[in-house]
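Let's take a walk through a protein model together.

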Amino acid sequence: MPKTKPVLKHDWLSWLHQAPRRAKQIVLLLIDIFILPVLFTLALSVRMGELDLPSKAQMLDIPLMIGLMVICALFTRVYSAVVRAFDEHYLQSALFASVAWVMLLWIAASAGITHTLPRSVIIITGALLMLHLWVSRALIRTVLFVLLKRREQHINLAVFGAGQAGRQIMAAAVGMGQ
C-alpha cells in the first residue's frame, strides 16, 4: 500500500513561505489590487460620515486608481522587498508610493481626467493605502512566522570545552538550522 503524503493544516502557508520571490511579489500585488476599491469605499464613507458606496461615475475611476497605484508601487520599489525584509527601507518605499499616488491622482482630478472624485477622498484613500501597505505586511509577517515557528522542531545543543572541533560542530548545527 503506497504511503500518502500527510496534509498540513496550513499548506498554502508553506507554499507561500517556499515560493520564489517573484510569486510572492505577485501575490502581494494582487492583494493590493483587490483591496484598493475597498479602501476607496471606506474613504468615501469616512468623508460622508456614513456608509457610502461609489457611484457609477466614481466606479469608472477605480481602474485609473489601481493603475496609478501599481505604477507608483513599482517605481518606488514597494514590491522589491518581501515580507522578510520589513524594515525602514520598506516603510519609506510605502510612504513614497502613497504620496506619489496621491499626487498623481490629485493631478488627474485637477485636470478633469477623473469624473466625480472628491479631492478629500484622494487624501483619505492615500492615508488608508499607506496604512494598508504597512499593516498588511506586518500581519502577514507575524502570521507566517508564528505558524511556521510552531512546525519547527529545535534540538538544544551545548558544546563545552571542545576547542576548534566544538566550533565546527556548532557551525554545522547552525547551518542545519538546529
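What you have here is a predicted model, where local features need pLDDT of at least 70 and side-chain atom pairs count only at pLDDT 80 or more, while totals for chains, interfaces and linings use all residues. Residues are numbered from 1 along each chain as its sequence is written, and side-chain values use heavy atoms, with hydrogens and water left out.

So what is pLDDT? That's the predictor's confidence in each residue, from 0 to 100. For this chain the mean pLDDT is 77, and 84% of the residues reach 70 or more. A contact, by the way, means heavy atoms within 4.5 Å. Where pLDDT is low, the predicted coordinates should not be read in detail.

Now for the overall build. How many helices and strands does the chain have? The count comes to 7 helices and 0 strands, so you read α-α-α-α-α-α-α along the sequence. Both kinds of element are DSSP runs, numbered from the N terminus: helices are H or I with at least four residues, and strands are E with at least two. Of the contacts with a separation of 6 or more, 70% are between residues 24 or more positions apart. Of the chain's 178 residues, 34% count as buried. Buried means under 20% relative accessible area, exposed means over 50%, and partly exposed is in between (1.4 Å probe, protein chains only).

Next, let's see how some helices pack. Two packed helices are described by the angle between their axes and the distance between the axes. The axes are lines fitted to C-alpha atoms, for helices over the stretch in contact, and the angles run from 0 to 180 degrees between N-to-C directions. Helix 2 and helix 4 (residues 62-75) pack at about 135°, with axes 10 Å apart. That makes helix 2 and helix 4 oblique to each other; under 35 degrees counts as roughly parallel, over 145 as roughly antiparallel, 65 to 115 as roughly perpendicular, and the rest as oblique. Where they meet, helix 2 brings residues including Leu29, Ile33 and Phe40, and helix 4 brings Ile62, Met65 and Met69 among them.

Helix 4 also packs with helix 5 (residues 88-110), at an angle of about 140° and with axes 9 Å apart. Helix 4 and helix 5 are oblique to each other too. Leu68 and Cys72 are among the residues of helix 4 that meet helix 5, where the partners include Trp101 and Leu104.

Let's zoom in on phenylalanine 40, which lies in helix 2. Is phenylalanine 40 buried or exposed? Its relative accessibility is 0%, so phenylalanine 40 counts as buried. Leaving aside neighbours within four places in sequence, phenylalanine 40 is in contact with Pro54, Gln58, Ile62, Met65, Leu117, Val121 and Thr125.

Histidine 132 sits in helix 6 (residues 119-151). At 11% relative accessibility, histidine 132 counts as buried. Not counting residues up to four places away in sequence, histidine 132 touches Ile31, Asp32, Ile35, Leu39 and Arg137.

Our last stop is threonine 116, in the loop between helix 5 and helix 6. Threonine 116 has a relative accessible area of 40%, which means that this residue is partly exposed. Threonine 116 and proline 54 are 62 residues apart in sequence, and their C-alpha atoms are 9.8 Å apart in space. Beyond residues up to four places away in sequence, threonine 116 touches Ser55, Ala57, Gln58 and Asp61.
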